[in-house]
Amino acid sequence: MRAHALVTPNRSLPHMVPPGANAIVVGGGVAGVAAAVVLAERGARVILLEAAEYFGGRLGAWPYRLPDGTEQVVEHGFHAFFRQYYTWRAILRRADPDLSFLVPVAGYPVIARRWPDEDLTGLPSTPPLSLLALFARSASLSLRDVTGADRMLAMELLGYHAERTTRALDHIPAERFLDQLRITERARVMLFEAFARSFFCAPGGLSAAELVAMFHFYFLGNPEGLGFDAPDTDYRSCIWQPMVRHLHRHGAVVRAASTALSIEPAVDHQWRVQLADDVLTARHLVLALDPRGLKQLVENSPRLRRIAPRLAGQVAALSVAPPFAVSRLWLDRDVAPERATFSAVTGEPALGSVTCYHRLENPSRRWAAASGGAVLELHSYACAEPDAMRATSRMREELAALWPETRTASVLHQLCRYEATAPAFPPGHAGRRPEMRTDARGIRIAGDFVYLPFCAGLMERSAMSGVLAANDVLAEEGAAAEPVFGVPQRGLLAGWTALTRPMMVGAISESRQPPIRNGTEIYGNDHRWRPRSLAASADSDPGGPAAVPGGASADPHQTDG
Ligand SMILES: Cc1cc2nc3c(=O)[nH]c(=O)nc-3n(C[C@H](O)[C@H](O)[C@H](O)COP(=O)(O)OP(=O)(O)OC[C@H]3O[C@@H](n4cnc5c(N)ncnc54)[C@H](O)[C@@H]3O)c2cc1C
């Protein structure tokens, strides 16, 4: 298996946009910066607006002084940079062409109190070899899992197909899918529950279609195997500062602490963005905000809502995942030498992962070397505790049960965060999520919640949505697309499951599927649906003005989407 070309530029089109093309990108996280980088490199006059004092959004980092006087840069939490993040890595190469700041994170154990560790790294990357190797190697999978599992549901995991999987499984909670898969409790807890929680949702609140898509993206359809890398220093030094320099070199105006308050249509097909102390206009807008920020912006923009009712409906329906807690602990002593740099934790009510920062990034390594201590980061996804302090003490208790040496360690300092900023993927919502193209001509949406025509998750979904939004602008300006690569878009058994799925859906559904509304095209009585964006952007350069919906609408800002 290898990376698949998902968007191939049309070489007959110019690389650069015509003089005068301009764009405002709102949101300076992964999605917004990816869009801004591509547009600025192609000659568009780009203004990038970020509400926070620092860039990077949920991957952002900011300076922090420890009580002992040491300057550290801290962030929202540890991030795994998987090797199949082709789009995000291509953008990161602008900061460092060799990606030399990314170092492999050896091993990726899943740890639990009740069962021995499970390490999935180093499995072959081609299905069904990966699956066979998993069965051969994993102590969590037994003969009972092979003989007792619901084979039709198990085949769904191998039969990923964007439209068909979504249509068949989106309305089903991942929890019910796993119940009916009938694998042993150990296989379920060790192999699936930790995985489901990495998407910030408890399995009851996650769509089974999203679980199958992510299983395909990270495991069964991943040409790079399950390995990942992580920066060897803080994200500000290795990603955001070089990225801002790159944008400056390409003439972009980059403004931190600049919140977009509202958006209104302006003359000549332009859009006006209201800031606290300024008003900006541009032909193209890329809205790359987090779900809450986007809701707020659309809420404050009544004329935009009137022009773009479909976008307004999709944004209003966006939901945010339950809170997560991240606690960075500076301990007075090290943990046992055999502890992995990163461990996923499963079977605990709160603790979801633990990262030994002092074995990962240089500033923490230096602090630990000087103090003889350790820097740990504990994560709790879909956290049931009510606040940061209670989440931290719960996670510490659970860690002490897994790593007893931490029970007697003193915490010299701790930094605890508790927030709800991740998008949710609840059952039945796929057809209602915002798409990159909107019914407001000139406005594109990017972010890790956007319904994309291609399979990708988390940071890669953000980066891909940003590049696809930039490509849509390039298409309208008559320039060639930025190439996009991804994992194979179909599972090994996608053809087979097309035949068996009607039986499977009947068996797993308690009720008839609710109709999928937005993003749905219904032909006669046949509920064959395909996302709108799939039609226009798959496999080739959308190329030229044809990609821009024509002027059927009375309002020059409205498209028929
Ligand atoms: C603790 C944690 C761990 C994670 N681990 C991983 C991981 O291991 N691997 C992985 O791939 N992903 C991981 N993620 C997810 C990843 O961080 C996100 O998918 C990604 O960073 C989202 O990027 P984004 O650009 O879509 O959104 P954001 O990062 O949310 O960016 C949106 C930006 O818009 C700005 N904004 C909002 N409103 C306005 C406004 N009105 N005007 C101007 N700007 C505005 C915000 O300040 C923000 O900077 C993790 C996330 C967290 C929180």
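Select strand E16 and look at which way its residues point. Phe 324, Val 326, Arg 328 and Trp 330 face one way. Ala 325, Ser 327, Leu 329 and Leu 331 face the other way. Every one of these residues is buried. Because eight of the eight residues of E16 are buried, the strand is largely enclosed by the rest of the structure. Keep in mind throughout that this is a predicted model.

**The partners of E16**

Eight bridges join the two strands, which run antiparallel. Pick out Phe 324: its bridge partner in E20 is Glu 419.

E19 pairs with E16 in the antiparallel sense, over seven bridges. Here, find Arg 328 and its bridge partner in E19, Glu 377.

**The ligand**

Next, select the ligand and what surrounds it. How many residues surround the ligand? The count is 32. The closest are Gly 27, Gly 29, Gly 57, Gly 77 and Gly 293. Colour the shell by class: 16 residues are nonpolar, 12 are polar and four are charged.

E16 comes back here. Strand E16 (324–331) supplies at least two residues of the shell, as does each of helix H1 (30–41), helix H11 (291–299) and helix H16 (458–476).

Colour by domain next. Domain 1 covers 4–58 + 234–320 + 427–485, and domain 2 covers 62–106 + 228–232 + 321–419. The shell draws at least three residues from each of them.

**The nonpolar core**

Zoom out and show the largest nonpolar core, which has 176 residues. Those with the most contacts inside it are Val 25, Val 26, Ala 34, Ala 35, Ala 36, Leu 39 and Leu 287. In soluble globular proteins, nonpolar side chains tend to be buried together.

Centre on Val 26. Which residues is Val 26 in contact with, leaving aside its neighbours within four places in sequence? They are Gly 32, Leu 49, Ala 260, Val 273, Leu 285, Leu 287, Ala 288 and Leu 289.

**Ala 446**

Move to Ala 446, in the loop between strand E21 (443–445) and H16. Ala 446 has 32 C-beta neighbours inside 10 Å, so it counts as buried. Not counting residues up to four places away in sequence, Ala 446 touches several others, including Ala 31, Ala 35, Val 286, Met 436 and Ser 462.

**Gly 486**

Go on to Gly 486, in strand E22 (residues 484–486). Why does Gly 486 count as buried? Because it has 23 C-beta neighbours inside 10 Å. Leaving aside neighbours within four places in sequence, the contacts of Gly 486 include Ala 3, His 4, Tyr 86 and Phe 454.

**A three-stranded sheet**

Select E6, E10 and E7. They form an open sheet in the order E6-E10-E7, with antiparallel pairing. Strand E6 (81–82) and strand E7 (102–104) are the edge strands, each pairing on one side only. Three bridges join E7 to strand E10 (residues 228–231). Look for Val 103, which stands opposite Ala 230 in E10.

**The whole chain**

The protein chain has 18 helices and 22 strands. Of its 561 residues, 53% are buried. Among contacts between residues at least 6 apart in sequence, 75% join residues at least 24 apart.

Definitions and conventions: Residues numbered from 1 in each chain as written. Predicted model: local features only at pLDDT ≥ 70, side-chain atom pairs only at ≥ 80, totals over all residues. Core = buried A, V, L, I, M, F, W, Y, C linked by C-beta atoms within 7 Å. Buried ≥ 20, exposed ≤ 12 C-beta atoms within 10 Å, placed from the backbone. Contact = placed C-beta atoms within 7 Å. Near = placed C-beta within 6 Å. Helix = DSSP H or I, 4+ residues; strand = E, 2+ residues; numbered from the N terminus. Nonpolar A, V, L, I, M, F, W, Y, C, P; charged D, E, K, R; others polar. Domains from an automatic or database assignment. Pairing = 2+ DSSP bridges.
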